[in-house]
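Open the model in your viewer and keep the selection tool at hand. The tour below goes from stop to stop, saying what to select and what is there.

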Amino acid sequence: MRRFLVIAVSFFAVVARPTMAADLPVRMLAPVALHAWGGCYLGVEGGGAWGQSRHDTALGSTSDAYTVSGAFAGGTLGCNYQSGPWVIGLEGDLSWTNERGSAVEVAALPATFTAETRENWLATVRGRLGWASQRWLLYVTGGYAAAAVEARVSNPTLALDMGQTKTRNGFALGAGIEMAVAGNWSVKLEYLYVGLQNAGYFEVPPPTILMRTGVPINDNIYRAGLNYRFAWPAVGK
């Protein structure tokens with residue numbers, strides 16, 4: 001009897017399986033289509049940045065670390081390759097910025113000096129690794145960064161306002177989320193941390209200015225972007 005029941009149940013399962021599958025909604029059986037992210041794209045981006053800087057000398061720092069902040073705006077160029085839900089790519093951008101900050105120097109001089117750090121432009125070349133879910137793309141990014149960083153020293157009493165600009169190299173790390181909208185357009189939100197190598201300034205300073213042995217600076221960048229993608233053939237459906 002037990003053997004008969006096992007055979008009967010097995011037979012029922014084999015017969016019923018096609019019927020049960022046919023009753024399932026078609027949308028549950030069909031794979032969910034992924035948006036095709038492959039291709040090269042152009043875009044614009046903009047946002048804000050906050051960081052810290054200071055001026056160091058052979059006698060010590062001229063002040064405590066002070067906040068540097070400002071706006072960013074620029075353009076983006078990149079390319080993606082997609083395999084299933086995974087997206088890898090290379091992206092570069094160039095941004096204008098008015099990021100700056102300053103502090104009154106603490107020095108053994110009778111007059112009051114102000115130390116200031118400015119960032120005039122920032123460029124990055126980064127790899128991207130993302131995971132796509134329908135029309136969304138979550139990604140991490142990292143690579144090379146370069147910026148024009150200016151150190152300034154001013155003193156109105158002495159009619160002094162002197163600056164020097166150097167191109168500084170460093171790195172950029174971050175993450176973001178991108179959403180496909182109409183046609184080949186997409187929008188994104190992104191965070192980047194940028195760390196730049198230290199550098200000295202005023203190697204041959206006038207008598208009233210101390211040589212800067214270092215002017216460290218870092219950036220925390222929050223920005224939004226709009227991209228237009230020149231699509232390759234769809235992959236990873």
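A salt bridge is a side-chain nitrogen of Lys or Arg within 4 Å of a carboxyl oxygen of Asp or Glu. Keep that cut-off in mind for the second stop. This is a predicted model, in which local features need pLDDT of at least 70 and side-chain atom pairs count only at pLDDT 80 or more, while totals for chains, interfaces and linings use all residues. Residues are numbered from 1 along each chain as its sequence is written, and side-chain values use heavy atoms, with hydrogens and water left out.

**Stop 1: the whole chain**

Show the protein chain as a cartoon. It has two helices and eleven strands; helices (H or I, at least four residues) and strands (E, at least two) are DSSP runs, numbered from the N terminus. Along the sequence the order is α-α-β-β-β-β-β-β-β-β-β-β-β. Of the 237 residues in the chain, 38% are buried. Buried means under 20% relative accessible area, exposed means over 50%, and partly exposed lies in between (1.4 Å probe, protein chains only).

**Stop 2: the salt bridges**

The structure holds 16 salt bridges. Select K188 and E91, whose side chains meet in one of them at 3.3 Å, N to O. K188 lies in strand β10 and E91 in strand β5, so this pair ties together parts that are 97 residues apart in sequence. Are these two residues buried or exposed? K188 is buried, with a relative accessible area of 3%, and E91 is buried at 1%.

The side chains of D93 and R126 meet in a salt bridge of 2.8 Å, N to O. This pair links distant parts of the chain, with D93 in strand β5 and R126 in strand β7, 33 residues apart. D93 also meets R223 in a salt bridge, at 2.9 Å, N to O. Here the link runs from D93 in strand β5 to R223 in strand β11, 130 residues apart. D93 and R223 are both buried. Salt bridges that share partners join E45, E91, D93, R126, R128, E178, K188, E190 and R223 into one network. The relative accessibility of D93 is 6%, and that of R126 is 0%.

**Stop 3: charges over rings**

R128 lies over the face of Y139, at 4.3 Å from the ring centre. A charge sits over a ring if NZ of Lys or CZ of Arg is within 6 Å of the ring centre and within 35 degrees of the ring normal.

Now select K166 and Y201. The charged end of K166 sits over the ring of Y201, 5.2 Å from its centre.

**Stop 4: aromatic pairs**

The whole structure contains five aromatic pairs. Rings of Phe, Tyr and Trp (its six-membered ring) pair if their centres lie within 6.5 Å; planes under 30 degrees apart count as stacked, over 60 as edge-to-face and the rest as tilted. Select Y228 and F230: their ring centres are 5.2 Å apart and their planes stand at 80°, so the pair is edge-to-face. Both are partly exposed, Y228 at 30% relative accessibility and F230 at 47%. Then select W50, Y191 and Y222, which form one aromatic cluster.

**Stop 5: the disulfide**

A disulfide is a covalent bond between the sulfur atoms of two cysteines. Here it is assigned to a pair of cysteine sulfur atoms within 2.5 Å. The structure holds one disulfide. Select C40 and C79, which it joins with an S to S distance of 1.9 Å. C40 lies in strand β1 (residues 39–53) and C79 in strand β4 (residues 66–83), so the pair ties together parts that are 39 residues apart in sequence. The torsion about the S-S bond is about 95°, so the disulfide is right-handed. C40 is partly exposed at 24% relative accessible area, as is C79 at 28%.
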